[in-house]
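Please read the points below with the model open beside you. They take the ligands in turn and then the chain as a whole.

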Amino acid sequence: MTDCIFCKIINKEVPADLVFEDPDTIAFLDIKPSSLGHTLVVSKEHVKTLDELPDAQAQSLMLTIKKLTKALLKENQGCNIIQNNNSVAGQIVDHVHFHVVPRNEGDGLQLNFGVHKEFSGEEKKNVIETIKKNI
Ligand code: 5GP
Ligand code: ZN
């Protein structure tokens with residue numbers, strides 16, 4: 001995609017702090033990190049959301065996420081893995097990617113949904129059926 005910042009990074013038209021690359025994936029530091037080592041793991045195939053990614057690319061992406069998790073957990077106490085689909089969920093760059101965010105005691109990051117709701121048995125039954133149908 002000509003106008004996509006992550007495609008430009010993949011094609012080396014825009015510089016980035018690369019930490020890993022293989023034929024299907026690339027990983028580089030986030031330009032606005034939430035913690036030191038905050039890494040974006042990106043599929044080289046341009047699709048917007050995770051559901052659009054072919055299975056083979058999704059497998060490669062997960063292996064790279066695991067590699068980055070392993071590397072970052074050697075130097076940090078924990079990490080969060082975050083992936084946003086569509087603007088309503090906070091997606092800013094419309095090219096599928098995962099954030100691997102190192103966590104340490106006292107880092108001050110607040111990563112939670114902040115809301116916990118109650119649903120009836122009927123609502124849960126219906127949503128289970130709908131999810132199963134849509135898989
Ligand atoms: P999203 O909200 O789409 O999951 O997050 C996109 C992330 O991409 C943001 O955390 C943002 O800081 C990062 N980002 C946006 N543009 C660039 C860029 O040009 N270079 C790098 N390294 N990161 C970027
Ligand atoms: Zn792209």
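1. A polar backbone atom of I92 sits 2.7 Å from an oxygen atom of ligand 1, a polar contact (a pair of N or O atoms within 3.5 Å; within protein, one must be able to donate a hydrogen and the other to accept it, and residues adjacent in sequence count only if both atoms are side-chain atoms). By itself ligand 1 exposes 520 Å², and the protein buries 84% of that; accessible areas are Shrake-Rupley values with a 1.4 Å probe, and for residues only the protein chains shown count as cover.

2. This is a predicted model, in which local features need pLDDT of at least 70 and side-chain atom pairs pLDDT 80 or more, while totals for chains, interfaces and linings use all residues. Residues are numbered from 1 along each chain as written, chains are lettered from A and ligands numbered from 1 in written order, and side-chain values use heavy atoms, without hydrogens or water.

3. A polar side-chain atom of D30 is 2.5 Å from a ligand 1 oxygen atom, and for N84 the corresponding distance is 3.0 Å. There are 16 residues around ligand 1, and D30, G90, I92, H97 and H99 come nearest (near: a heavy atom within 4 Å).

4. Which atoms coordinate the zinc ion (ligand 2)? They are SG of C4, SG of C7, ND1 of H46 and ND1 of H95, at 2.0 to 2.3 Å. Donors are N, O and S atoms within 2.8 Å of the metal (3.2 Å for Na, K and Ca); water is not among the atoms, so sites may look incomplete. The donor residues follow the spacing C-x2-C-x38-H-x48-H.

5. The arrangement around the zinc ion is tetrahedral because its four donor atoms subtend angles of 103 to 118 degrees; four donors qualify if all angles lie between 85 and 135 degrees. The ideal tetrahedral angle is 109.5 degrees. C4 and C7 are both buried (under 20% relative accessible area, 1.4 Å probe, protein chains only).

6. S43 belongs to strand β3, residues 39-43. S43 counts as buried because its relative accessibility is 0%. Leaving out residues up to four places away in sequence, S43 touches I10, D24, L53, Q57, L61, H95 and V96 (contact: heavy atoms within 4.5 Å).

7. The chain has three helices and five strands, in the order α-β-β-β-α-β-β-α. These are DSSP runs numbered from the N terminus: helices are H or I, at least four residues, and strands E, at least two. Of its 135 residues, 33% count as buried.

Notes. Buried < 20%, exposed > 50% of the residue type's maximum accessible area, 1.4 Å probe, protein only. Tetrahedral: all angles 85-135°; square planar, octahedral: opposite > 155°, others 65-115°.
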